[in-house]
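Student: Could we go through how helix packing and aromatic pairs are read from a model? Please start with the handedness of a crossing.

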Amino acid sequence: MDSDDEERIPLSQRPEWADVTPVPQNDGPNPVVPIAYTEEFTETMNYFRAVYLADERSSRSLQLTSEAIGLNAGNYTVWHFRRLILESLNADLHKELDFVENIAKKNSKNYQIWHHRRWLAEKLGPDAVIRELEFTRKILSLDAKNYHAWSHRQWVLKALGGWDEELDYCDQLLRDDIYNNSAWNQRHFVITRSPSLGGLEVMRDSEVDYTIKAIIAHPENESPWRYLRGLYQKDTKAWVNDPRVSSLCLKILTTEKRCVFALSCLLDLICHGFEPSPEFKEAVNALKSSDTETSSSYLGETVCLVLEAMDPMRANYWSWRKKHLPDVIAQG
């Protein structure tokens, strides 16, 4: 019987379960806060405990775990026993993938489902790649920030392969939503991990151009600003000396005016040795409010003061950055 049937026949009334004695849950003689389980749940788990304690790895036990999971998809013991049964029966794991997909429709953030899915993929090996990538694609189309789906997708790529179209997938996600920070994160994962792209050093130049276009289109979007910095994570000197980065900051500051991320990027550049031209000083000074005063000619201090006023939620942070500017300068 399928657990989704409208009219459930109690296990006690099914002939195939007549030889099994249910094992009730033992809450002790005086449970403090007894849980009000439904009759269906109580009966299902009583029979499950019976087959689990007997280590009965049979077709009916497998079906029973299906019903138990349908009632509570987060029960680790049920999933664990199900895997033991699947192995003992040498079951069709492709069919099991169908079962998981059905359960995931209403439980896409349930850890046990993803743990079980990885176990299946490990068993199936490279044959599972296409289906696993498609499965996560479906989940992410409904919830673009589903951490479990992203984690599983990255594991599939690393363990089983399937890199060829992943960068295109990231590009499509960003075309659909340029603010999708998970897609930006995945893009960085791909260019740094894919064995076919050559690594960050090879991809950096084209990725910088790609990111700059995204920033110019939406300067208020923090994700590409973070991504741009990540492209130079192991080479700060290259970041400071790349004229495209400083030119981007200047362009945004002179056109968009109140862009916290452009100012923040400029501040970081200055703190790492960038020497701003007079154009930068003019752009930043134009952002100062009438009550903003500074006795220092050092542009970094002015940037911090502007950020304190422009970004009040993090005013204390920018104040802290201002106080530590001399230390940064001293470190060169």
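Tutor: A crossing is left-handed if the near helix is turned anticlockwise from the far one by less than a right angle, and right-handed if clockwise. Helices themselves are DSSP runs (H or I, at least four residues), numbered from the N terminus. In this structure, H6 passes H7 in a left-handed crossing. The model is a predicted one, in which local features need pLDDT of at least 70 and side-chain atom pairs count only at pLDDT 80 or more, while totals for chains, interfaces and linings use all residues. Residues are numbered from 1 along each chain as its sequence is written, and side-chain values use heavy atoms, with hydrogens and water left out.

Student: What angle do helix H6 and helix H7 make, and how far apart are their axes?

Tutor: Axes are lines fitted to C-alpha atoms, for helices over the stretch in contact, and angles run from 0 to 180 degrees between N-to-C directions. Angles under 35 degrees count as roughly parallel, over 145 as roughly antiparallel, 65 to 115 as roughly perpendicular and the rest as oblique. Helix H6 (residues 129-142) and helix H7 (residues 147-160) pack at about 160°, with axes 9 Å apart, and are therefore roughly antiparallel to each other.

Student: How do H1 and H3 pack, and which residues make the contact?

Tutor: Helix H1 (residues 39-53) packs against helix H3 (residues 76-89) at an angle of about 45°, their axes being 12 Å apart, which makes H1 oblique to H3. Contact means heavy atoms within 4.5 Å, and here Met45, Phe48, Val51 and Tyr52 of H1 meet Thr77, Val78 and Phe81 of H3.

Student: How is a pair of aromatic rings described?

Tutor: By the distance of the centres and the angle of the planes. Rings of Phe, Tyr and Trp (its six-membered ring) pair if their centres lie within 6.5 Å, and planes under 30 degrees apart count as stacked, over 60 as edge-to-face and the rest as tilted. The count comes to 14 aromatic pairs, among them Phe48 and Tyr52, which are stacked at 5.6 Å centre to centre with 20° between the planes. Phe48, Tyr52 and Phe81 form one aromatic cluster.

Student: Are Phe48 and Tyr52 buried, partly exposed or exposed?

Tutor: Buried means under 20% relative accessible area, exposed over 50%, and partly exposed in between (1.4 Å probe, protein chains only). Phe48, at 3%, counts as buried, whereas Tyr52, at 33%, is partly exposed.

Methods:
Helices (H or I, at least four residues) and strands (E, at least two) are DSSP runs, numbered from the N terminus.
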